[in-house]
Structure formats: C-alpha cells, structure tokens
Amino acid sequence: MQAQIEIDRVCHTYKPARGRPVLALDNVSLAIGDREFVSLLGPSGCGKSTLLYLIGGFLPVEQGAIRVEDKTVSGPGPDRGIVFQHFALFPWKTVRQNVLYGLEKQGLPRDSREQRAQQYIEMVGLAGFEDSYPSQLSGGMKQRAAIARTLAVDPRVLLMDEPFGALDAQTRSLMQAELLRLWQASRKTVVFVTHDVQEAVYLSERIAVMSARPGHIKEIVEVAFDKNDPELQRRPAFLEMVDHVWNLVRGEAIRAERGGAAA
Ligand SMILES: Nc1ncnc2c1ncn2[C@@H]1O[C@H](COP(=O)(O)OP(=O)(O)OP(=O)(O)O)[C@@H](O)[C@H]1O
Ligand SMILES: [Mg+2]
C-alpha cells in the first residue's frame, strides 16, 4: 500500500493559558493509503478532532510528523478539504456565497464557479435555499451547506469530523449513501471521524479504533464488504462486525467515563 497520509509518532499537548496542560494524543502512528476510506472511532475526548486538525494543518505538529504525499504538513492547503464538527459557515454569506467562497481562489471562470456551486448545493439537497443565510437554516441544513462547500473544491483528501452527527436518521442515511457514491466515483482519500459504529462499518475500508484520552490507536479493523450490496446493513456478517467493533469501543468508553469521574 502506498501511503498518502503518514502519521508518524504524533503526540499533541494542549497548553491552555489557564489550567493544566492536556495530553490529547499519545504516540499516534497511522499510514493511510491513496484513495482509502478510513474512519477514526473512539469515545468523546479521545483526540479524534485533534488528529484531524493536525492532518488538516489547523494545529501545529509539535511532536512527531505528518506527511501528505511525502510533504510534511505545516499548514492548511487546497489538497486537504475539511468539514468541521461544528459547521463553520460565514454567517454573513448566503448558502451560494458560502459554497462559492472556496472556488474563488481556484481561478475558474465565473460561469463554471456558479455551475459547480449549484451542482453541489443540489447534491446535498439544498436546492431552493441558495439565497438563505445560515441563521435561516436548521442544524442539519447548515451541516449540508458546509459539506457542499468542502466538496465543491474537489480536494484530494477529504477530512470529515462527524459530518452527519447533526442530521436526522433519514437524511443521514441518504448522505452516507451519497458520500459512498462520491468516494467510489472520485476515489478521494477520506478520513472520517465518527462515534457511530454502524456508520464506520458501513462506510470504511479500515477503522482505527482509538483509546480513551490520551488517544492512541488501539486497534485497526479491516472491513471488506461489498458496499454496493443494497442489503449490506442487514447481513449477518455486517451485524457481527458492528458487534465486534462495538465491543472494542465499549471498553474505551467505560475507561473514558472513569477517567472523567476521577478528573
Ligand atoms: N483548545 C483546547 N484546550 C485544552 N484542551 C483541549 C482543547 N481542545 C481539546 N482539548 C482536550 O483534548 C482532548 C481531545 O479533544 P478532541 O476534541 O480532539 O476529542 P474528540 O475525540 O474529537 O471528542 P468528541 O468526540 O467529543 O468530539 C479532550 O480531552 C479535550 O478536553
Ligand atoms: Mg471531536
């Protein structure tokens, strides 16, 4: 496997202005192949978002190294698109203006930009809301607008931090299928953060199960299902895999609870 993203012995400590430093990640190493779909799964506070920010270049890598296509990450870049856990839309821009924002730096002619923005707005089911402001949208709609903005730029690497967490079950299932379709068609490398075991098993080729804080990779689970099987999520092998991964995560969730209680 040729690694596109190499996470090499990364530690991360938050040093807040007040209070104690927090060791969020402890010696994380992970190699992600070109066009691979990898999920990071683990209890709340185990460092999933931190790891994604480090890959995206939004936090400095202070210990260890991260390389994307053999280049050491030292800041954000157009090769890596991120969908943040808490939707980051410009409140003063409409849906269309938010989606167009990322495209403006790409030097596309105006017509193609508009066309592209519209295509992704429709893809996430926001046709008719092009001129709405974020404050006029529900949580799930804001999240879909943020997803459209990131996808429209067509980055090689897609970093998604619980992108469907705020969606209702029906929209969530539609967006999962849409993401799979897009990934199969465009073969992007996807690093997907979730704490939904079913979602991780359904979408990923590999799941990196993280331990409770300080986060490290506890186990890597390979998932080799036919994603085009419409019955997949009801098959015994799928349900067994969900159960297996659940058992791995459950122990860590309990440890996280205890750690929280002791802190
Ligand atoms: N800015 C910060 N300053 C201090 N500590 C922080 C900061 N951001 C995160 N942390 C701590 O680092 C740890 C990892 O946080 P992170 O947000 O990466 O977890 P997570 O796995 O994404 O959690 P969740 O599933 O709840 O989103 C947590 O224990 C958190 O308290
Ligand atoms: Mg998080």
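In this predicted model, the largest pocket has a volume of about 530 Å³. It is lined by 20 residues, and R80, G81, G102, K105 and V153 are the closest to its centre. Domain 1 (3-25 + 33-79 + 156-262) and domain 2 (89-154) both contribute to this lining, so the largest pocket lies between them.

**How to read the values**

- Residues are numbered from 1 along each chain as its sequence is written, while chains are lettered from A and ligands numbered from 1 in the order in which they are written.
- Local features need pLDDT of at least 70, side-chain atom pairs count only at pLDDT 80 or more, and totals for chains, interfaces and linings use all residues; side-chain values use heavy atoms, with hydrogens and water left out.

**The largest pocket**

- A pocket is an open set of points on a 1 Å grid over the protein atoms alone, with protein on both sides within 12 Å along at least five of seven lines, and a lining residue has an atom within 4 Å of a point.
- Grid points are joined across faces, edges and corners, and a volume is the space filled by probe spheres set on the points.
- Strand 6 (80-83), helix 2 (95-104) and helix 4 (139-152) each give at least two residues to the lining of the largest pocket.
- Strand 6 supplies the largest share of this lining, four residues.
- Helices (H or I, at least four residues) and strands (E, at least two) are DSSP runs, numbered from the N terminus.
- The lining of the largest pocket has 11 nonpolar, six polar and three charged residues.
- Here Ala, Val, Leu, Ile, Met, Phe, Trp, Tyr, Cys and Pro count as nonpolar, Asp, Glu, Lys and Arg as charged, and the others, Gly among them, as polar.
- The domain bounds come from an automatic or database domain assignment.

**Ligand 1**

- Ligand 1 is surrounded by 14 residues, of which S44, G45, K48, S49 and T50 are the closest; a residue is near a molecule if one of its heavy atoms lies within 4 Å of it.
- Helix 1 (residues 48-56) gives the largest share of this shell, three residues.
- The shell around ligand 1 divides into four nonpolar, seven polar and three charged residues.
- An N or O atom in the side chain of T50 is 2.5 Å from an oxygen atom of ligand 1.
- A backbone N or O atom of C46 lies 3.2 Å from an oxygen atom of ligand 1.
- For the side chain of R213, an N or O atom is 2.9 Å from an oxygen atom of ligand 1.
- On its own, ligand 1 has 640 Å² of accessible area, and the protein covers 68% of it; such areas come from the Shrake-Rupley method with a 1.4 Å probe.

**The cavity**

- The structure holds one cavity of 30 Å³ or more, a cavity being a set of points where a 1.4 Å probe fits but cannot get out.
- The largest cavity has a volume of about 50 Å³.
- Its lining consists of M123, I147, L151, M160, F164, M175, E178, L179 and L182.
- Helix 4 and helix 5 (169-186) are the elements that give two or more residues to this lining, and the largest share, four residues, comes from helix 5.
- Eight residues of the lining of the largest cavity are nonpolar, none is polar and one is charged.
- The largest cavity lies between domain 1 and domain 2, because both give residues to its lining.

**Backbone points**

- R213 and P214 are joined by a cis peptide bond, with omega about -5°.
- P214 sits in the loop between strand 9 (206-210) and strand 10 (217-222).
- N27, in strand 2 (residues 22-33), has a positive phi of about 60° although N27 is not a glycine.

Definitions and conventions:
A polar contact is a pair of N or O atoms within 3.5 Å; within protein, one must be able to donate a hydrogen and the other to accept it, and residues adjacent in sequence count only if both atoms are side-chain atoms.
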